[in-house]
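Dear colleague,

I am passing on the structure below, followed by an account of what I found in it. Please read the notes alongside the model itself.

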Amino acid sequence: MPLTTTAPPFLAVLVRGLLAGLIAGLLAGTFAYVVGEPQVEAAIAIEEAASHAEPAAGAHDHEDALVSRTGQRGGLFLATGLFGAAMGGLLATAYVLLSRRRRSYDDGRSGLLLAGAALVGAVLVPFLKYPANPPAVGDPATINQRTITYLLMVVLGLVAVWAGSLGYRSVGAQAPTWQRAAAGVGGFLLVAAVSYVVMPSFQEVPDDFPATLLWDFRLASLGTQVVLWTGIGLFFAALMHSEWRRRSSTDALPST
């Protein structure tokens with residue numbers, strides 16, 4: 001089949017990115033509901049048991065609970081679906097920008113690579129520095145500081161991925177593959193290591209908090225993100241592969 005060099009229009013790519021993100025978000029929500037919700041319930045039970053020991057603090061906590069647990073469970077799928085669609089739209093935008101620079105046939109593999117880069121930079125790098133904590137863990141007085149530093153760590157993680165890509169390309173196309181890979185890994189690790197040293201740390205996990213519950217929650221949180229970005233990459237690549245094949249067939253019709 002002849003290959004077309006005409007890239008799909010931005011709107012077509014964007015729709016496929018949104019659709020891929022929505023499907024992946026719903027899958028991630030299902031994973032979070034099945035795997036993560038039991039850990040959240042257990043953490044809330046610990047928090048409520050502690051609040052009963054301090055009646056005044058307990059009453060304040062119940063006043064702050066504006067959304068019931070049933071509403072939170074239902075909103076989980078809405079939140080992951082909308083977040084997945086938003087991330088799919090961003091990935092589609094980045095895909096179009098890269099396609100304009102490349103100007104050659106692509107069946108969606110670039111989208112899969114972009115999703116993998118986002119998973120490493122925006123999820124894995126921040127997770128190793130600031131792993132997720134269940135509801136009963138964390139000082140409310142530092143929530144703003146922790147949120148800002150986490151977002152900064154996401155940006156630095158993406159910078160680390162960019163540095164790895166830059167290192168890979170800077171060696172030169174004629175260099176052996178292992179040299180280019182080593183330069184890419186070196187650039188990535190350099191930025192990530194400096195980020196870990198520069199960014200502050202938070203040690204707010206109580207000594208009596210169950211370690212098993214803590215790590216089960218963290219792994220469930222990480223697994224949700226892995227499902228999300230893996231799904232976005234795979235679904236987007238499949239949709240774009242279908243679009244490129246359709247456009248290739250259409251462009252071949254006049255010559256046929």
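Predicted model: local features only at pLDDT ≥ 70, side-chain atom pairs only at ≥ 80, totals over all residues.

Residues are numbered from 1 along each chain as its sequence is written, and side-chain values use heavy atoms, with hydrogens and water left out.

Overall architecture

The chain contains seven helices and zero strands, where helices (H or I, at least four residues) and strands (E, at least two) are DSSP runs numbered from the N terminus, and its pattern along the sequence reads α-α-α-α-α-α-α. Of the 256 residues in the chain, 35% are buried; buried means under 20% relative accessible area, exposed over 50%, and partly exposed in between, with a 1.4 Å probe and protein chains only. Among the contacts in the chain with a separation of 6 or more, 88% join residues 24 or more positions apart, a contact being heavy atoms within 4.5 Å.

Helix packing

To return to the opening pair, the axes of helix H5 (residues 143–170) and helix H6 (residues 177–198) come within 7 Å and cross at roughly 155°; axes here are lines fitted to C-alpha atoms, for helices over the stretch in contact, and angles run from 0 to 180 degrees between N-to-C directions. The crossing of H5 and H6 is right-handed, in the sense that the near helix is turned clockwise from the far one by less than a right angle, anticlockwise being left-handed. On the H5 side the contact includes Met153, Leu156, Gly164 and Gly167, and on the H6 side it includes Ala181, Gly184, Gly187 and Phe188.

H4 also packs against H5, at an angle of about 130° and with the axes 8 Å apart, and that makes H4 oblique to H5. This crossing, too, is right-handed. Its contact residues include Ala117, Val120, Gly121 and Pro126 of H4, together with Tyr150, Met153, Val154 and Gly157 of H5.

Nonpolar cores

The largest nonpolar core has 21 residues, and those with the most contacts inside it are Val13, Trp229, Ile232 and Phe236; such a core is a set of buried Ala, Val, Leu, Ile, Met, Phe, Trp, Tyr and Cys residues joined through side-chain atoms within 4.5 Å. Two or more residues each come from helix H1 (10–53), helix H3 (69–102), helix H4 (109–129) and helix H7 (211–252), and H7 gives the most, with seven residues. Trp229 touches Met87, Leu91, Ala115, Ala118, Leu119 and Val123, not counting residues up to four places away in sequence. Apart from this core lies another, of five residues, among them Ala43, Phe209, Leu213 and Leu214.

Individual positions

Thr224 is found in helix H7 and is buried, with a relative accessible area of 13%. Its side chain reaches the backbone oxygen of Ala220 at 2.9 Å, and Thr224 also touches Ala28, Phe31 and Ala32, not counting residues up to four places away in sequence.

- Ala12, in helix H1, is buried with a relative accessible area of 18%, and its C-alpha atom is 9.5 Å from that of Ala92, 80 residues apart in sequence.
- Val40, in helix H1, counts as buried at 14% relative accessibility, and its C-alpha atom is 6.3 Å from that of Pro134, 94 residues apart in sequence.
- Ala45, in helix H1, counts as partly exposed at 43% relative accessibility, and its C-alpha atom is separated by 8.8 Å from that of Ala136, 91 residues apart along the chain.

With best regards

How values were computed
Polar contact = N/O pair within 3.5 Å; in protein donor to acceptor, adjacent residues only side chain to side chain. Parallel < 35°, antiparallel > 145°, perpendicular 65-115°, else oblique.
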